[in-house]
Amino acid sequence: MKIERLPSGSYRIRKMYKGKIYSVITDYKPTQKEAITLMADKLQRAGSKTPRLTFREAAEDYVDMKRNILSPRTIKEYSETVGRFPKWFNELIITDITQVEINRLVNELSKTRAPKTVRNYHGFLTAVLGTFSPSLKISTTLPQKIKNEPYTPSQEDVKRILEKVKDTPYEIPIVLACYGMRRSEICALTIDDLDGDIVHINKALVLDENKRWVIKTTKTTESTRDIIIPMTLASKIRNQGYVYKGHPNTIYDCLKRTEKDLEIPYFSLHKLRHYFASQMSTLGVPEADILKLGGWETDHVMKSVYRHSMMEKEEKAKREAADKLQNALFS
């Protein structure tokens, strides 16, 4: 989809759809979101004169409209989601879909999918329907979220793992994960991103919808950040001339193998971000600074994932206060 400025000062939104070019003219420059909405309305009205869109067709069009806006990873997830909906729902005419069909779909998905997955699918569903059938008011009862206490590796666990992978190709990426970096960020780093002992994080390596590894911008604006690493680690990176050259998945494999060899409870590479936040909190680093260093978009996300370590810190503070009161009263 293109937005073009015309000699008259107006703007034209153009899109190729099923071999035909559709246009919408506006007297102002529309935002990308406005352009998508206007074109969706145009396609829907055009569709009334031709065979009506099924949910699958509408969903695929929705993904196509978002192709230049969303990250390759999100486009990949959306494209896969379309294929995971049952055939009977994908073949429904989108303007005929009611809350009854949505409830049936959610009930069916809930039998084999986790509550979080069902909620994600429903979010995509409502986005598609909101674009192509905006008159439908959706009010769905979704499965209750399951609260999982994330396992945070201990200091001893991490030290043993780092000792085990020392001087291997996986030492640098695993250490960087301990500093709060995501795997996608680590694998996108180049020697040019290193400035003294500062690492500039401004891109990520992710899978696109064609299952190709591509470089994109960071997950969120907040994810673009600088972190300071030990000078010894920075020197090691410079000496070898790169950060990591292997396949992204082999970092996972190495960590899993190392945990098994050391008889440490299994945890994923991403859990080292849990460790990072936990250690920063224990060391007394303000939450606002932890948020920036880890590249989290909101403190809600950070606190919901790392509330366990935060609660331990609060409990320690309460006990210290109680001890001080006890000493003041009875000493």
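Tutor: E263 lies in the loop between helix 11 (248–262) and helix 12 (271–282); helices (H or I, at least four residues) and strands (E, at least two) are DSSP runs, numbered from the N terminus. This is a predicted model, where local features need pLDDT of at least 70, side-chain atom pairs count only at pLDDT 80 or more, and totals for chains, interfaces and linings use all residues. Residues are numbered from 1 along each chain as its sequence is written, and side-chain values use heavy atoms, with hydrogens and water left out.

Student: Is E263 buried or exposed?

Tutor: E263 has a positive phi of about 60°, although it is not a glycine. Buried means under 20% relative accessible area, exposed over 50%, and partly exposed in between (1.4 Å probe, protein chains only). E263 has a relative accessible area of 73%, so it is exposed.

Student: Which loop holds D167?

Tutor: D167 is not a glycine, yet its phi is positive, about 65°. Its relative accessible area is 61%, so D167 is exposed. Its place is the loop between helix 7 (155–164) and helix 8 (171–178).

Student: How far apart are the end C-alpha atoms of helix 12?

Tutor: The expected span of a helix is 1.5 Å times one less than its number of residues. For the 12 residues of helix 12 that should be 16 Å; the computed distance agrees, at 17 Å.

Student: How many residues of helix 12 are buried?

Tutor: The buried residues include L272, H274, F276 and M280. Helix 12 is mostly covered, and the count out of its 12 residues is nine.

Student: Where is L325 found?

Tutor: L325 has 51% relative accessibility, so it counts as exposed. Its location is helix 14 (residues 299–330).
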